[in-house]
Amino acid sequence: MATKHSRSAARLMMAPAVILLLGWMLVPLIMTLIFSFKRYLPLRGGDLGWVGFENYVRFVSSSAFWPSVAATLTIVGGVLLITVIFGVLLAILLNQPMWGQGVVRILVIAPFFVMPTVSALVWKNMFMDPVNGLLAHLWRFFGAEPISWLSEASLPSIVIIVSWQWLPFATLILLTAIQSLDGEQLEAAEMDGAPPLKRFGYITLPHLSRAITIVILIQTIFLLAIFAEIFVTTGGAFGTRTLTYLIFQRVLESQNVGLGSAGGVYAIILANIVAIFLMRIVGKNLDA
Amino acid sequence: MSFKQALCAATAMTLVTASGALAENLVIATVNNGDMIRMQGLTQDFTDKTGHTVEWVTLEENVLRQRVTTDIAAKGGSFDIMTIGMYETPIWGANGWLVSLDDLSADYDADDILPAMRAGLSHDGTLYAAPFYGESSMIMYRTDLMEQAGLEMPEAPTWQFIREAAAAMTDRDNDINGICLRGKAGWGEGGAFITVTANSFGARWFDEDWNAQFDQPEWADALNFFVGMMEESGPAGYATNGFNENLSLFQQGKCGMWIDATVAASFVTNPDDSTVADKVGFALAPNSEGVDKKANWLWAWALAVPAGTQKEAAAKEFIEWATSKDYIELVAENEGWANVPPGARTSLYENPNYQAVPFAQKTLDSILAADPNNPTVKPVPYVGVQFVAIPEFAGIATEVSQEFSAVYAGQQTVDEALAKAQALTNDAMEAAGYR
Amino acid sequence: MARAVTQQRKIINTTAAWGIGLLIFFPILWTVLTSFKTEATAIADPPVFLAFDWTLENYSAVMERSNYARFLWNSIIIAGGSTILGIIVAVPAAWSMAFVPSKRTKDILLWMLSTKMLPAVGVLYPIYLICIKLGILDSRGALVVILMLMNLPIIVWMLYTYFKEIPGEILEAARMDGATLKEEILYVLTPMAIPGIASTLLLNFILAWNEAFWTLNLTAANAAPLTAFIASYSSPEGLFFAKLSAASTMAIAPILILGWFSQKQLVSGLTFGAVK
């Protein structure tokens, strides 16, 4: 169907978006690269000359580097796990006949509308505060010692907060996918005496695989960059310093732009490793 | 009537223009503390007097710091006046980023500023920021609980007494913790507190050659003492408690003692917010037995004008207004003497109205007990009591305090944290070219 | 018998779903409730749910202190402007990817998505310096452009998936009838794509509304949106839960209401058009 004419027209139409994004990516990227080879300390007069790979070496050799990579992967992995598992369960439940499905759906998607800063503040102060938080009250009500969530269980706490924000998204995608599932197929399986778990494993889950990959892909993109949730709750203490947060500390708290930029380059590399890895899986699934 | 008003306004305008000052619109970045919020509410008084209008950018402390530092370092010029602290002022002043405030009018009476505050907000004898309010740290304690415990608070207690008293006051069944202290990560939060505590145990951040001193026994003593005392008598989860958290604990009657900023005194004695308002006593911050330094810090929130602003004259007018004696009178008139911004001016403490405020004298004594030029027992190459006035400090101290907070949360030992602190501080100092 | 069973199951499903739904919604509900309490009631032990003296004092305190209308207006302009601009740029690109696919289409698409993974803070200083050079610091225009660029990959991707659903034969037929490219897009494609575009618009509006890094760091007095408004209420001295709740409610209410009224588009928007 594509004629030569429409092909060049297509290229023309794609141009603005591609050029803009290329600019958006390249200009800061090049600046980051340049800074990363410099001693650039804004509080000491700015650009203090070239230093070769010093910033790169210093960034990885810092004791904070590997734990930050681990924290990043833990948070991303933990949130993905929780949102996908609970998303599937919730989607199956919401797909059952019930009264007031529309209202329940609104209740479930509501967290997605809340600004990350607000949700972090609300969780931190009104729920996870070990003295005045609602969870502390709940714990005391049952006679248990309240947990100081953000220090004793810092990573799980962050995972909970972020999962709460992203569960609506996962649930909705999976719900939409389940709704397109062929009911007759399930009924036939039920007639044949397949137990619910088997029906789920052999029919529902394979049907959802594409939706699950989409959830993973899009969430990973956003989760690698989470910042507000950590800034507001722990400020990077108690092992919650992600790579993004470490870069933030280098650039803004230590005011060492060169070092932070080197970290930025590492983060880009990590993101691309994750991206390539994801694309491999998703690429196959995207056409389906 | 409306004609009369218009006439009035016109006259006012002429007056303003006649006095040579063009009406400007000032953008002021400030922190969302109570005293600043109060100042925002009183802005109209400034506008009436000078014709200049003001737009406030009010931000939470961490966001504010990040915002103004980026802006001044990149010379963004987003703000005509910035609210900064005693840490930033000398560094920025040395970089030539701030307008000198030595030429404020005679009416303003700059000599009335408390000498300690003035020294901390100057670089090479030039004043770069005018203190809006100043603070040190002191002990606030529950007189009723102290009595119950059968103890009496000395004027200047030692840490050893504090620990004993804290244990005696603790009553876990009734949700009363003998002592509440900051453990929250961040150089201005738990970092500041543990630094003054260490000072009062004879420790220091750096030796004269900028070598980190966390491997010295004084630091281990201070940290072990702090952790031991907090485990005996501190609230659960103190590793995430900062000023705010402790304030609300104290106001709810859940703390026997609290050592923190002197400005907290007006909050804990305010019956509107505090359930223990009439049972609070004050004492000087403690020192360890035999050590000559107390755990007193020195801090001021101050107003500064970034170099390069187009509205320097108007900005200075605002600073003269906001940090003047008249402003203090204005607040006293509207909100009572207990709520005026404290710790900035000598004359305030000579005012009989203010001397009647229960915490006034102790606040002044605490401020006078802190010496930023001579903060530790052993000599140091830096200025600053609870901080080290070098650009790298905020980053380093935040990381160090994160290691300490991990100790408070039981995630590592004191020795591990000190070893990490030592390594990361030396590493950062090397990167910055000190060593 | 069978009917009784389904009826019973329906009751169980309803109870479970409502229970979980309310649990998920609870933090928001609690924030809204707290915003009507006094500061002292907000931290009362045991907590009170409904039986307290409802007060509007927090809202009046917030309104008195901050120019809420201006923050709100900035949020609307920035989120709306960036989304609309993004759609204008993205529609042609998505159209050509969907209807004139080449071997590289998928690569370009995935590359676009990967640009979203750049950590924003790493380029704060560069972007800040550029904004100063161009004199657009603290302007809504700068944020419109930056947020547009940030969300452009998502917009292109969503539109692409929606457009792909449109059967090519219809376009073919239109072309046979002598429709020009312009007519084809304007009269054939657009009407069919409206629901998809609406969903894209809504979702990206929300993403831009909630963006809290650039909107905080590139603004001062003029262009600051609701994210900056929130930053002036988080952790001040003294008790603040109730006022924070009021400010939070004010910051998220517009979006919640918008979401309520456009549930259908939003639901399909939330799936990023990826699942049918």
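Chain B has a radius of gyration of 23 Å, which agrees with the value near 22 Å that a compact globule of 435 residues would have; here the radius is taken over C-alpha atoms, and the globule rule is 2.2 Å times the number of residues to the power 0.38. The model is a predicted one, in which local features need pLDDT of at least 70, side-chain atom pairs count only at pLDDT 80 or more, and totals for chains, interfaces and linings use all residues. Residues are numbered from 1 along each chain as its sequence is written, while chains are lettered from A and ligands numbered from 1 in the order in which they are written.

Along its principal axes, the C-alpha atoms of chain B fill a box of roughly 70 × 55 × 35 Å. The chain has 19 helices and 11 strands, where helices (H or I, at least four residues) and strands (E, at least two) are DSSP runs numbered from the N terminus. Of the 435 residues in chain B, 58% are buried. A residue counts as buried if 20 or more other C-beta atoms lie within 10 Å of its own, as exposed if 12 or fewer do, and as partly exposed in between, with C-beta atoms placed from the backbone. Among the contacts in chain B with a separation of 6 or more, 74% join residues 24 or more positions apart; two residues are in contact if their C-beta atoms, placed from the backbone, lie within 7 Å.

Pairing, which requires at least two DSSP bridges between two strands, links S7(B) to strand S9 (residues 255-261) in the antiparallel sense over 5 bridges. Within S9(B), Asp260(B) is the bridge partner of Met138(B). S7(B) also pairs with strand S10 (residues 280-284) of chain B, again antiparallel and over 5 bridges, and there Phe282(B) is the bridge partner of Met140(B).

Turning to the contact between chains B and C, 23 residues of chain C touch 25 residues of chain B. On the chain C side, helix H6 (124-134) and helix H10 (214-217) are the elements that give two or more residues. H6(C) provides the largest share, 5 residues. By class, this side divides into 15 nonpolar, 5 polar and 3 charged residues; Ala, Val, Leu, Ile, Met, Phe, Trp, Tyr, Cys and Pro count as nonpolar, Asp, Glu, Lys and Arg as charged, and the others, Gly among them, as polar.

Chain C itself is divided into domain 1 (2-58) and domain 2 (60-270), with bounds that come from an automatic or database domain assignment. Their centres, taken over C-alpha atoms, are separated by 31 Å. The contact takes 12 residues from domain 1 of chain C and 11 residues from domain 2 of chain C.

Chain C also meets chain A at Met13(A), which is in contact with Pro92(C), Ala93(C), Trp95(C) and Ser96(C), leaving aside neighbours within four places in sequence. Met13(A) lies in helix H1 (residues 4-36) of chain A and is buried, with 21 other C-beta atoms within 10 Å.
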